[in-house]
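Please keep the sequence and the structure in view while reading.

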There are 2 protein chains.
Amino acid sequence: MIDDENLESTEAEARAVESRAEAFIGVREARRSEVAEDYVELIAELIHENGEARPVDISARMGVTAPTVAKTLGRLARDGLITRAKYRSVFLTEEGRALAKECRHRHEIVLRFLLSLGLDPETAERDAEGIEHHVSERTLALFAAFAQRS
Amino acid sequence: MIDDENLESTEAEARAVESRAEAFIGVREARRSEVAEDYVELIAELIHENGEARPVDISARMGVTAPTVAKTLGRLARDGLITRAKYRSVFLTEEGRALAKECRHRHEIVLRFLLSLGLDPETAERDAEGIEHHVSERTLALFAAFAQRS
DNA sequence: GATGATTATTAGCCTATGCTAACTTTTTGC
DNA sequence: GCAAAAAGTTAGCATAGGCTAATAATCATC
């Protein structure tokens, strides 16, 4: 191991490659829960507004068709986030409520942060929707602090 | 139409629902191109560093298996972003290079922005990887301006 | 230049997330 | 209380993006 300058052969290189891979793996993991989080957050909102979350309302707000909603709700039920009965509205489990609360919290912080940067509300809402699933705790704390002191 | 207070019945409500749906549709669209963008960006980097992008290196850096890389490269080729020959390295088309450049630009801005907020480099890199696909032009401009004056 | 190691591909499987078409159930309005 | 409308479900299809196992090609070394 004399020639440390070889392509790909240093320890440092290896560590960099692995760390890069871990970042991508992290992003893929975040992606997997994105849809579930969006649904649970929306369901919580609908329940708050209307006392129940009907598939038809979820469908309209998510911009997907009713069968897509049905299938996704099936996964959420399987994963213990919601309860449902055939032809009935959907409700959150304890776990679902906890997740919804966390998501709402994150969403609020990201949104307030973007607004405090001077972004228009429309764009802020859109970007927050996409960004909220990809901010670490650490970043979220910085966002919150920044929005606070603005 | 006297009772404007009815659930779901106002024009404003309808507009809000539609705008919400559009936000989600936008996020889904962004998600569809995320993987392609990550690959193209990485391929550009590898070519810059090594003169070529080998599947095995893409695989190591993306943290996925070789067959997954092969399948994804197939899609990129189909979409006109790369050229490839069997058992050979991959190269970018004009279109691929343009996309890579744009992605790199976005990535840099988001990364610099996060760093200028005071985030540690490790976390900044990870979060940038996830966030970069979900920032609008407008937000990007604000990020760039903020990082500049810091 | 044969051969073992490395790299790339193919086949085949799985899950998530979307869709349309067809059907069932529930709700609503006379 | 019945018929039409609205809502929900099921079946079946497609694509993306993961995986493992098996196969094929290339490279490096003696």
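Is B:F113 buried or exposed? B:F113 is buried, with a relative accessible area of 0%, where buried means under 20% relative accessible area and exposed over 50%, with a 1.4 Å probe and protein chains only.

## Basis of the model

This is a predicted model, in which local features need pLDDT of at least 70 and side-chain atom pairs count only at pLDDT 80 or more, while totals for chains, interfaces and linings use all residues. Residues are numbered from 1 along each chain as its sequence is written, chains are lettered from A in the order in which they are written, and side-chain values use heavy atoms, with hydrogens and water left out.

## Aromatic pairs

Rings of Phe, Tyr and Trp (its six-membered ring) pair if their centres lie within 6.5 Å, and planes under 30 degrees apart count as stacked, over 60 as edge-to-face and the rest as tilted. By this rule there are six aromatic pairs over all chains. One of them is the stacked pair of A:F113 and A:F143, at 3.8 Å centre to centre with 5 degrees between the planes, and both of these residues are buried.

In chain B, the rings of B:F113 and B:F143 have their centres 3.8 Å apart and their planes at 5 degrees, so this pair is stacked. B:F143 is buried, with a relative accessible area of 3%. Ring pairs join A:F113, A:F143, A:F146, B:F113, B:F143 and B:F146 into a cluster.
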